Amino acid sequence: MAPSEPANGKKRKRPEVTKPTSAAKKGQSSTQKPISEATSPAVVRTSDQGPELTQSHILELEELIIESPRNYNHIVTLLTSLQDFASPSLGITSAVSLCRTFCRLLAIGRMKKKDTDNPAEAKLLVWLKERYKDYLKELGALLGSGEVFYQTTALTLLMKLVKEEGAHLKGPGDDYFFPHDLMARIANGILYTDFSEDATLRDEFVQKWLDEYHDVRYSFLFVTLTLAEQALTSPSLPLFRSNLLTILLSLQNLPKDPKSYTLSPFYVLNLPTKKSKKCSTSKAPPIISPTSHRTQLSDLWLATLRLPLTPDEQKNVLSSMTHSIVPYFTHPHLLFDFLTDCYNQGSVMAILALNGLFELIKAKNLDYPNFYEKLYALFDRNLMHVRYRSRFFRLVEIFLNSTHIPANLVASFIKRMSRLALTAPPSAIVIVVPLVYNLLKSHPSCTFMVHRERYDRDAARKEGYEDPFDMNEPDPMKTNAIESSLWELVMLQEHYHPSVATLARIVSEQFTKESYKLEDFLDHSYASMIDAELRKNIRNDPVVAYDIPKRIFTIVPPAVEVGDMVGDLKQVMEGNNLTDLWAF
């Protein structure tokens, strides 16, 4: 079924092909008339000469249609009222009356071919099916109308028809039947509707139908797989993709363990309490199998991930990967290609993909080549400022705590984190320092970096100190970090924030303290740290300066001796732009 384009405006728009001709309005077309052309004198016409159609007249027409096949032409009258939609109340009344009409026709078998039908009855059946298709098109147009009341009403009527079709259109000898074609119309209408202003219809469809009834959800997954393949050539692909991702990520009550999961309740299907001999020997249909549900969901997810996703959509998927996607996959290793492609993009995308990769590596024992080298490349200045750094450092601690990785590798990570901490915000530093401490406790061979003194302090003050650590080396095994020292953490002991300075002093003490619980430091921010400072109980009054300095910067001329500095300082400071700007 080709996807239909959504309506952008508030008023309901329809394709030209659904507009009735004048002959259809009068009920005179040979293709829209049933076998009998007789009409009832009680019918109120909608022509220009006749009186206007009212709600009571619509109900009268509904009763006449049910009374006799001779009155089936009035279906065209109700369809015309729904198509014109001159009055919203009359249009909705016509839609509801037509739904009840077709439900009754389905119940009495008028919409199903029989072996005993004569040519006239067969022709009548074709005519009724054509009018039924016209009615479904009108309901599909209401789904994309943009008006919440019309949308929810159309969805309710369509789902009512789904139930009636499933109950009365079974084939001979069939125990189960679900109208997937009608569900495809519903899915197509919802997935191509713009919900940027109001997503009530989409939310109601998910919560009231997909989450509640397993047969409805299975049918939606089944038909949407085909729609996803067709959407690749549709100009409304971004709209389809956005709605599909939102629905898939919001699904609840999914079968996680097929062995302990029972599919119930069903909306259309009526499962027999006692299987017949035929049912006991035949295989159960996929729609009532939990394993088939998981397979269908996995196939649809793979088809969705093959669509050209935007960076924001990729981030949304990666953020939900471990708790909304991987647990319900029959073969999670099929997600490995998508995760590695995202991981190779680097930056935030790689940080989000790391969580999913870790789950696959841990659960499926998958191997990722050069994993630590690519993990090392993620440590840059931007890492300390991204919103996902807490989940990243949580995984880093797991990866580096292994005793099977070389000390050279761990030292490179420790040194790089320490170097980045010099320019990081306090909320990130309080994560790095406990993590470094824990890694030093887990890898004692790296503790030489804390107390190494291989240089002359006096010479270093005069000539400077060249750190053997190569910050630009991409391979963590070749950075020479194990030959360096953690002077960065010593500098952090003089940090302006007292919590950071106090925490950094732990590396200057003996390593007798137990490892930190990193979870206690991951959720810190500027706001939380300031709030913690304001809540502290101050025992002693803080020391303040008695004499407020008039200037912040002073410059000592190179020719002036230290003893003569006071006398010549005023002359040097006058006329200097830097000191003038900072004079108060």
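The legends below describe close-up views of a predicted model.

Local features are described where pLDDT is at least 70 and side-chain atom pairs where it is 80 or more, while totals for chains, interfaces and linings use all residues. Residues are numbered from 1 along each chain as its sequence is written, and side-chain values use heavy atoms, with hydrogens and water left out.

**View 1. Helix α3 and the residue that follows.** Helices are DSSP runs of H or I with at least four residues, strands are runs of E with at least two, and both are numbered from the N terminus. Among the buried residues of α3 are H74, I75, T80 and Q83. Just after the helix, F85 takes a positive phi of about 55 degrees.

**View 2. Two aromatic pairs.** Across the whole structure, a search finds 24 aromatic pairs. Rings of Phe, Tyr and Trp (for Trp, its six-membered ring) count as a pair if their centres lie within 6.5 Å, and the pair is stacked if the planes are under 30 degrees apart, edge-to-face if over 60, and tilted for the rest. The ring centres of W209 and Y267 are 5.0 Å apart and their planes stand at 75 degrees, so this pair is edge-to-face. W209 belongs to helix α8 (residues 200-210) and Y267 to the loop between α10 (237-250) and α11 (277-281), so that the pair links parts of the chain 58 residues apart. W209 is buried at a relative accessible area of 7%, and Y267 is buried at 11%. The rings of Y437 and Y516 are also edge-to-face, because their centres are 5.4 Å apart and their planes are at 70 degrees. Since Y437 lies in helix α20 (residues 426-442) and Y516 in the loop between α24 (498-504) and α25 (526-534), the pair ties together parts that are 79 residues apart in sequence. Both Y437 and Y516 are buried.

**View 3. An aromatic cluster and charges over rings.** One aromatic cluster is formed by F336, Y343, F358, Y368, F371, Y372 and F399. A charge is said to sit over a ring if NZ of Lys or CZ of Arg is within 6 Å of the ring centre and within 35 degrees of the ring normal. The charged end of R131 sits over the ring of W127, 5.3 Å from the ring centre, and the charged end of R416 sits over the ring of Y376, 4.7 Å from the centre.

**View 4. Two asparagines with positive phi.** Most residues other than glycine have a negative phi. N253, which is not a glycine, has a positive phi of about 55 degrees and is found in the loop between α10 and α11, where its relative accessibility of 40% makes it partly exposed. N480 has a phi near 65 degrees, lies in the loop between α22 (457-463) and α23 (487-492), and is partly exposed with a relative accessible area of 43%.

**View 5. Cysteines.** The structure holds 0 disulfides, a disulfide being a pair of cysteine sulfur atoms within 2.5 Å. C342 is buried at 1% relative accessibility, and C446 is buried at 0%.

Note on methods. Buried means under 20% relative accessible area, exposed over 50%, partly exposed in between (1.4 Å probe, protein chains only).
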